[in-house]
Amino acid sequence: MTLDPIVRVSDLRKVFGFVRVLDGVSLDVRGGEAVALLGANGAGKTTLLKILATLVRPTRGTATIAGHDVVRAAETVRPLLGVVAHGAWVYDDLTARENLKFWSTLGGLHADADDLAAALAGVGLDRVADARVRTFSAGMKRRLSLARVMLGRPRVLLLDEPFAGLDQRAKKWLEERLEALKAGGAALLMVTHSFGRELGVADRLAVLAGGRIALDTPRGSLGPDDIQRLYAVHTEDTP
Amino acid sequence: MSWARRALAVAWKDLAVERRSKETLNALVFFSLLLLFVFQFTLGSDRERLAAVLPGVLWLGFVLSALLALGRTFLVEREHDCWEGLLLAPGDKSAIYLGKLVGNLALMLLVETLVLALFIVFFDIDLGRAMPGLLVVMLLGTLGLAAVGTLFAAMTANVRARELLFPVLLLPVQVPVLLATVKATEGLLLGEPLAAVAHWVKLLVAADTVYVIVSLLTFDVVLEG
């Protein structure tokens, strides 16, 4: 883990109309570290992720990726990012290989046939590389999405509920890949609603409530029940 | 080089998706056939009346089918959840515009060629001498439509009532293109050579140049919102 944060969020505010979604969020993520961002629906988790992804401009405050401001230097920040959003960013009528080729060309990467084959093999889709994505399950689309991200070798990964819709085997597979990315020095910020094994990859937990980071703690040996209790105390979102 | 590669990738992707899904193409062909039936019933076999209205009717068919095709340009990205991916692509976004423009142009020209062929059959008209000039006017007119249409499709992709807003924004800006195409087509169908309608062709070239350059320069701002 690096000492200097790659992701640095300072007093970030975002207002939509009369609704203050983020109200002074501060958060750091270091290289080789994974932070799980928890919060109730509408707490602003996706908004924070979108600001870091340069998709939404903050109302006030600053957010930097590797020292570059996400608003003023968006073009410098974008090649450093890997984003796995709600949608998988895949075209159903293209094959898995064609999807990867398209996104790598659009991203300015010079991925040759070997790079594409290796990326597909890395996510276990090499055997269906030339099948149309229309025939893929949600889990396979998610894996293709991850292959796209890994092809760019990002320094920061922004993941919005990456485990959603995956079966147990696919979750285990994704955990291993995220651990590998962490080991490679990438910083991970992961939005999740789950308190189970999905949090296994996280080194820190941050709970977003009332527009602020209400809790920022190392995951350490906290079990699912402890996390659930801490979450309920800070969000009033109880079952 | 990278800019051109990215533009080509977008054009190739759009055409490959359309070639395999045929979602827009099927709708456009069916819509064009319906229009032709309506025109045929309305105009009947009166040759004089047909000669007077044919240029307008032909371009009305082209414009209506173009509105359908262009309006879907960026909806496809939203339907596949790929809009954010396009936004996050590093580099000059005008490459995405150019790729989309090429894809739209290819699709529209394909449909227009089909519509023109059906016009010839339905109305029993001989376009032999006028055809080369007509193809030039079709190409230039379609480029003008597609250039602004692609830009406005991106502009309205994220707004409510975009189906209403898109034609309301597009058609007034298209007045020079529509005027020049209809007038040039009228002259060509009356048997005049292309040189006789050169002033309309020049207007088309000028409008296309302005539309494409302005769209390339402003697309980044439009996409980033």
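This is a predicted model: local features need pLDDT of at least 70, side-chain atom pairs count only at pLDDT 80 or more; totals for chains, interfaces and linings use all residues.
Helix α3 (residues 96-106) of chain A gives the largest share of the chain A side that touches chain B, with five residues. By class, that side has 13 nonpolar, seven polar and seven charged residues.

**Interface area**

- The contact draws on 27 residues from chain A and 25 residues from chain B.
- About 2,500 Å² is buried between chain A and chain B, and 63% of this lies on carbon and sulfur atoms.
- Three residues stand out: Arg78(A), Tyr91(A) and Leu106(A) supply 26% of the area that chain A buries against chain B, more than any other three residues.

**Salt bridges**

- Four salt bridges are counted between chain A and chain B.
- Glu75(A) and Lys93(B) are joined through their side chains in a salt bridge, at 3.5 Å from N to O.

**Nonpolar cores**

- The largest nonpolar core holds 110 residues.
- Its members that touch the most other members are Val9(A), Leu48(A), Leu52(A), Ile65(A), Leu158(A), Leu189(A) and Phe119(B).
- Helix α7 (residues 131-156) of chain B provides the largest share of this core, twelve residues.
- Beyond its neighbours within four places in sequence, Leu48(A) contacts Val9(A), Leu12(A), Leu22(A), Val25(A), Leu27(A) and Leu37(A).
- A second, separate core has 43 residues, among them Leu159(A), Trp173(A), Leu188(A) and Ile227(A).
- In soluble globular proteins, nonpolar side chains tend to be buried together.

Note on methods: Residues are numbered from 1 along each chain as its sequence is written. Chains are lettered from A and ligands numbered from 1 in the order in which they are written. Side-chain values use heavy atoms; hydrogens and water are left out. Contact means heavy atoms within 4.5 Å. Buried area is the accessible area (1.4 Å probe) that two parts lose on being put together, summed over both. Helices (H or I, at least four residues) and strands (E, at least two) are DSSP runs, numbered from the N terminus. Ala, Val, Leu, Ile, Met, Phe, Trp, Tyr, Cys and Pro count as nonpolar, Asp, Glu, Lys and Arg as charged, and the others, Gly among them, as polar. A nonpolar core is a set of buried Ala, Val, Leu, Ile, Met, Phe, Trp, Tyr and Cys residues joined through side-chain atoms within 4.5 Å. Buried means under 20% relative accessible area, exposed over 50%, partly exposed in between (1.4 Å probe, protein chains only).
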